[in-house]
Every structure is written in structure tokens, then in C-alpha cells.
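Subject: Structure handover

Hi,

Here is the structure I promised to pass on to you. Please open it next to this message, and my notes follow below.

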Amino acid sequence: MYPRYMIKCRGLTTVVTMLLIVLYLIIYVDYFRQYEDWESYCTLKGDISKVPSALIGGEHICNISTHGAEIDTFVLITSACDHFDARESIRMSWLTIYRNNSEKLRYAFVLGNTTNERLRMKIQSENEQNKDILQYDYIDNYSSLTYKTIFAFTWIANNCKQAKNIIKTDDDVYLNVPNMLQTIQNPDNDLGKYILGECSHDRHVVRDKQSKYYISYDVFPFKRYPTFCSGTCYVLSMSAVQEIVNVFAITPYFPLEDVYIAMCRIRTTIGVKAVEGIYSYMPSQDVCFYHSKTFISGHQLSPTQISAIWRSTC
């Protein structure tokens, strides 16, 4: 048998331990209660007060009086400043259906800024020749990719309101335009209510500091992201774009563009819908796969691969 005083000490230790556990749980729950919904989180974490200004405005791209055609679909293609070969391979392949921005389908490459004067001059020359570039005044790097979409969505909402549907994609994507247009026109997809793409549910936040997707607890305290569609390629209506633009000012900047759009989306009436055939990776080495009826878009393709797919006869 233990002495009476030892029994009392053991009992006191147990009580103190239980109290500490309860206190910890109270603090833990109270901390996350302030983020019990996404709107509270967004409000507490700050906002974006200014959209980057335009260096190359591209106002002519949506000029109906000049080109004489209504605009059904507009493609926003995010691109790095030095990706000249990527942009040219797309112009000479799946963008040829857009007939130099003179028909019902329009497009623009969206670029950030660079400190390299030679690159700036080369981009200006490229735009003088092709007249298909939007460039905003913010240094282009991975952590600022979200600004590209903020700028692009704000630009199109203000300068191309007549466009019915918007495709957002990257310069290393091969897009099967006819299949994408069928997806847009399919009434079952109800594009007015949803963002269509390759969508992820309950994706875990990456805490590995060595990863380019690393996000600290201070920036984002949750374990999982809200449902989002991969930024490599997704499509939405102009009304959805306008809803999202309206909440930019009250949604905090987030370095992952597709997650940021999800954070904006949940403050609107817009849902998401996964669509088969939209891939956030290169789905096949077989060029004929990209001409199949089930394929819409594939990511991580080089300019050479994009050109080869376009030239192939299957």
C-alpha cells in the first residue's frame, strides 16, 4: 500500500493533468472557432486593395466594331515573360481556330513584368506583331501568379463584358478546342452555376518547406483547402467571373492561384463541377490521345510536344 500522502499527490497530479488538457482543448477550439467559416477567415486575414496596373492593355482584342463578330468564348492564357517559344507554338497550333482574334472566339496571353529591359522590349515587339498580349505591372514569379488571374479577371470583366464564357489556362497546355466547346455547350454542365475543371476535394495543405507549394500555418491555419479546380485549365461563365471579381477586395491574397479562386468562389453563389478529360498533367505520350473525343486539355507539355500533337494525323 502507498502512504496516504502519496495517494493524495497522485490524485492531485491527475486533476492538474486533466485541467491542463481541458485548458489546451479550450484554447485550441477557441483559436479555430474564429475561422469556423471561410468568410470569417478571409475577413480576419486582410484584403487586396489594389489590382496591378496594365503595361500592355489589349483594349482592341474585344472590339466588336473592328472585328465584326460577337464573342462566345475568351481564352486567358497565363505565360511567363521569357516563354516566347511556348506562346508561338500555341499560336501556330490550337489557337489557329481563333483566326487572329477576329471571330467569336478570342484569346490573350497574360504576362507579368520583368526587370530585364531586353525582355521587355522583345515582349513589346511580340505584341506589336501579334496584338494578343496583356501585361500587368508586377514582377513575374511563382509567388505572384495569383496576381495574373486577379489582373486577367478584372481586365476581362471591364473590357470584354460581352464574352459569354471564359477559359483560363497555361502556356504549357494543349487544348482540344472543339471538345472544350462541346463541354461548354452541354446543358448538363450548367456552366452558369459552376466552374468546370479537374477539381480537388479535401486537398491537404503542404507543410514541407522544401516544396514550392509550402504554406505556413500563419498564412493558412487549416489542414485542408476548400474544393478547387486546378488552375492549369478551367472554364466559367462571364457572370461567374464578375461575381469573383466583386469579392477580390475582401479576400486575402493567397500565393496558390487556384486555391485563391476557391476562396473567392465560396463567397459567391458559384459551385464547382469536375469534368472528365481535363488533366492537370500530361495524360499520355501518344499524340493521337489528344485528338480523341474524351480529351479536353493536358498540362506540362513542351512547345515541341504541342506542335507535334497539332501536326499529327490520327
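This is a predicted model: local features need pLDDT of at least 70, side-chain atom pairs count only at pLDDT 80 or more; totals for chains, interfaces and linings use all residues.

Residues are numbered from 1 along each chain as its sequence is written, and side-chain values use heavy atoms, with hydrogens and water left out.

**The chain overall**

The chain has 10 helices and 10 strands; these are DSSP runs numbered from the N terminus, with helices being H or I of at least four residues and strands E of at least two. Of its 314 residues, 47% count as buried. Here buried means under 20% relative accessible area, exposed means over 50%, and partly exposed is in between, using a 1.4 Å probe and protein chains only. If we take contacts between residues at least 6 apart in sequence, 74% of them join residues at least 24 apart, where contact means heavy atoms within 4.5 Å.

**The disulfides**

How many disulfides does the structure hold? There are three, each being a pair of cysteine sulfur atoms within 2.5 Å. With the bonded cysteines numbered in sequence order, the pairing is 1-2, 3-4, 5-6.

Cysteine 62 is bonded to cysteine 160, with 2.0 Å between the sulfur atoms. The torsion about this S-S bond is about -90°, so the disulfide of cysteine 62 and cysteine 160 is left-handed. Cysteine 62 sits in the loop between β1 (54–56) and α3 (64–67), and cysteine 160 in the loop between α6 and β5 (165–170), so the pair ties together parts that are 98 residues apart in sequence. Cysteine 62 is buried at a relative accessible area of 3%, and cysteine 160 is buried at 0%.

Cysteine 199 and cysteine 229 are also joined, S to S 2.2 Å. Their link is right-handed, with 70° about the S-S bond. Because cysteine 199 belongs to strand β7 (residues 194–200) and cysteine 229 to strand β8 (residues 228–237), this pair ties together parts that are 30 residues apart in sequence. Both ends are inside: cysteine 199 counts as buried at 14% relative accessibility, and cysteine 229 counts as buried at 6%.

Then there is the disulfide of cysteine 288 and cysteine 314, whose sulfur atoms are 2.1 Å apart. Its S-S torsion is about -85°, so the disulfide is left-handed. It links distant parts of the chain, 26 residues apart: cysteine 288 is in the loop between β9 (271–274) and β10 (297–298), and cysteine 314 is in the segment after α10 (303–311). Are these two cysteines buried or exposed? Cysteine 288 is partly exposed, at 32% relative accessible area, whereas cysteine 314 is exposed, at 59%.

Two further cysteines to look at are cysteine 233, buried with a relative accessible area of 1%, and cysteine 264, which counts as buried at 0%.

Helix α6 (residues 145–159) packs on helix α8 (residues 238–246) at an angle of about 120°, their axes 9 Å apart. That makes α6 oblique to α8. For reference, axes are lines fitted to C-alpha atoms, for helices over the stretch in contact, and angles run from 0 to 180 degrees between N-to-C directions. Angles under 35 degrees count as roughly parallel, over 145 as roughly antiparallel, 65 to 115 as roughly perpendicular and the rest as oblique.

On the α6 side, Phe153, Thr154, Ile156 and Ala157 meet Met238, Val241, Gln242, Ile244 and Val245 of α8.

Helix α6 also holds lysine 148, which counts as buried at 3% relative accessibility. Apart from neighbours within four places in sequence, lysine 148 is in contact with Thr78, Ser79, Ala80, Val110, Leu111, Gly112, Tyr136 and Asp140.

Finally, nine of the nine residues of helix α9 (residues 257–265) are buried, so α9 is largely enclosed by the rest of the structure. Among them are Glu257, Asp258 and Arg265.

Best wishes
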